[in-house]
Amino acid sequence: MTSQIIPVKPFDAVIFGGKGDLAERKLLPALYHRERDGQISDPTRFIAASRSSMTDDEYRDFARKALNEHVDKKELESEIVDRFLRRLSSVVIDATSDKGWSELKAVLADAEDDHIRSFYLAVDPSLYGEIAKRLEKFELISANSRLVMEKPIGRDLQSARQLNDIVGQYFREDQIFRIDHYLGKETVQNLLALRFANALFEPLWNSAHIDHIQITVAETVGLESRAGYYDRTGALRDMVQNHLLQLLCLVAMEPPASVNADVLRDEKLKVLRALSPINAANAHRVTVRGQYKAGASSGEPVKGYLEELDNGESNTETFVAIKAKIENWRWAGVPFYLRTGKRLAQRMSEIVINFKPVPHSIFEKSAGLPLSNQLVIRLQPDEGVKQWIMIKDPGPGGMRLRHVPLDMSFAAAFNVRSPDAYERLLLDVVRGNQTLFMRRDEVDAAWQWIDPILEAWEETRQPIKNYTAGTWGPSASIALVERDGHTWHDGEG
Ligand code: BG6
């Protein structure tokens, strides 16, 4: 199976925070991969804008190290690395003053008037407004300019609105690309193919046939180097408000008429608006907050959350489980169980669609009970889809029923490298395709559902449940689904 490479038009990408962690781990490796696949045309340039003084050569050294560290050795080809590095330059800029902006303007002035420019904000959101303001002041925003915003977009509805208002003063909505990198993951896009390019699933995709749905994004990492950010944020804001809700939208939305950005985002928005409210009256029943204590990860002892923090005291959740409901015709009565956490037993993200059991078994008791069909969509690792069905156990011995997966592992089936989410998203910015980016009203609607949960936790002082690092979270999360007669699908199949 070969992939199809369609080069994009030449562009200039200015990366604010070009020397930061995101640029190093994700953006530079993603752009290199696109270069290697021949998708980047001349005279494309990548300009790192950062506060620290750096020559072009120093930045190229930084980028070379980033590639050596974050790109598979087999994929590093010296000629391509050199070609990629030649596209890089560095501008010293202060987002909070006018320092360096004329220099950036001079660099960009070399290009044609209709040249595509993307301004990537890989900096603290408190700087988004300052940067947008100066881009306007120094007349750097052309009709073909785009602004790329990383999460977090606010920490509640009000702050998200403020942020969106500020950038909205300088950029039109069709120029603003709000990244949720989960939307760029291959299997997430595959969810669209699975649902809407197959006739098989859609007739069954509703409360008449689906019993419940689970969405898990489990991580084994702890705080990494982001203690400050994470402790102010917590799992609900860091993961549920964006990644998990976006997955939920793609699973639950009505079939859009096309993949046109607004058509698709209209459907996602309807799902967010149909989420049943969670507030002080029900939060204790349908949400679980957890925090890890010392345990083990991949066989190695690891510290607890509080020990990882300097102050040793925190009420921030590193785990959340939620029983969500969507109040519409399609999903009435179908629980959506969402779960995410740090320092869990496995790194694993998956969506599990649990179908209803057959209404009546025609088989003898000795054959065993027909188990329900399950569709497991694995986002990472080992991307793929498994459809669990019942078959007759082969061979003699009478009728014995067995639950087996029709297993499609994408890596094994296609033998291609699965591109990182950023590779797709960065080039979609250049193409001006917003389908896989969040629209402003979606961000608002997500906060509108999240804010009352945060308020309820605060108001009712909902206790945080401890869990041992390396497990599947607090026992209260297991109880949340067991009360409804279910069990979490813990990635075992
Ligand atoms: C980020 C969160 O958005 O997603 C991180 O801020 C989290 O806390 C990360 O670790 C997970 O992304 P991925 O692609 O590794 O699953």
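The side chain of Lys151 has an N or O atom 2.8 Å from an oxygen atom of the ligand. For His243 the corresponding distance to a ligand oxygen atom is 2.7 Å, and for a polar side-chain atom of Glu219 it is 2.5 Å. The ligand alone exposes 400 Å², of which the protein buries 84%; accessible areas are Shrake-Rupley values with a 1.4 Å probe, and for residues only the protein chains shown count as cover.

This is a predicted model, where local features need pLDDT of at least 70, side-chain atom pairs count only at pLDDT 80 or more, and totals for chains, interfaces and linings use all residues. Residues are numbered from 1 along each chain as its sequence is written, and side-chain values use heavy atoms, without hydrogens and water.

Next, Gln462, in the loop between α14 (440-459) and β18 (465-468). Helices are DSSP runs of H or I, at least four residues, and strands are runs of E, at least two, numbered from the N terminus. Is Gln462 buried or exposed? Buried, at 8% relative accessible area, where buried means under 20% and exposed over 50%, partly exposed in between, with a 1.4 Å probe and protein chains only.

Last, helix α1, residues 21-36. Its 16 residues should span 22 Å at 1.5 Å a residue, and the end C-alpha atoms are 22 Å apart, so the two agree; the expected span is 1.5 Å times one less than the number of residues. After α1 comes Gly38, with a positive phi near 75°.

Methods: Polar contact = N/O pair within 3.5 Å; in protein donor to acceptor, adjacent residues only side chain to side chain.
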